[in-house]
Amino acid sequence: MAAPSAADLKSLTDMRVGIVKAALQLTPDQEKYWPAIEDAIRTRAKNRQARLERIAELHENSAMDGMHEGNPVEFMQRRADRLIQRGTDLKKLADAWDPLYKTLSDDQKRRMAFVSFAVMRSVRNAIEQRGGPEDEDE
């Protein structure tokens, strides 16, 4: 199966953003917090796509075959850099959500938890179906 195009991935991100926002049914006072959250979601998606493209490039160039024969310290350093980037993206997302989350009603919090769980499950399932490493999961 062919990998999704950049346009496909942008469309999926647009849909995820729309689903989360629609599920929350933000009040006018809460709307002011949304741009930072949307930016953080889009940044994570963009950076994840860049990581996946790099992995695909490594597979295409047979670099993965030589990785086992390469320098394990360099491998650990590259892995650490990727984890730092993922952590930075997640921290930005959590920081963006914090002010809005404090204003959510109990109903909105329940909807947020449900939507978050559903999105995480769908991403995990997509990774498992593709057969990629679990550390790609966002």
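Analyst: Start with α3, which has 27 residues and reaches 39 Å from its first C-alpha to its last. That is close to the 39 Å expected at 1.5 Å a residue. The expected span is 1.5 Å times one less than the number of residues. Helices are DSSP runs (H or I, at least four residues), numbered from the N terminus.

User: What kind of model is it?

Analyst: This is a predicted model: local features need pLDDT of at least 70, side-chain atom pairs count only at pLDDT 80 or more, and totals for chains, interfaces and linings use all residues. Residues are numbered from 1 along each chain as its sequence is written, and side-chain values use heavy atoms, leaving out hydrogens and water.

User: At what angle do α1 and α3 pack?

Analyst: About 150°, with their axes 11 Å apart. Axes are lines fitted to C-alpha atoms over the stretch in contact, and angles run from 0 to 180 degrees between N-to-C directions. α1 and α3 are therefore roughly antiparallel (an angle over 145 degrees).

User: Which residues in α1 meet α3?

Analyst: Among them are Leu9, Val17 and Leu24, and on the α3 side the residues include Trp34, Ile41 and Ala45. Contact means heavy atoms within 4.5 Å.

User: New topic. Is Asn47 buried or exposed?

Analyst: Asn47 is buried, with a relative accessible area of 16%. Buried means under 20% relative accessible area, using a 1.4 Å probe and protein chains only. Asn47 is found in helix α3.

User: What does Asn47 touch?

Analyst: Gln85 and Asp89, not counting residues up to four places away in sequence.

How values were computed: Helices (H or I, at least four residues) and strands (E, at least two) are DSSP runs, numbered from the N terminus. Angles under 35 degrees count as roughly parallel, over 145 as roughly antiparallel, 65 to 115 as roughly perpendicular and the rest as oblique. Buried means under 20% relative accessible area, exposed over 50%, partly exposed in between (1.4 Å probe, protein chains only).
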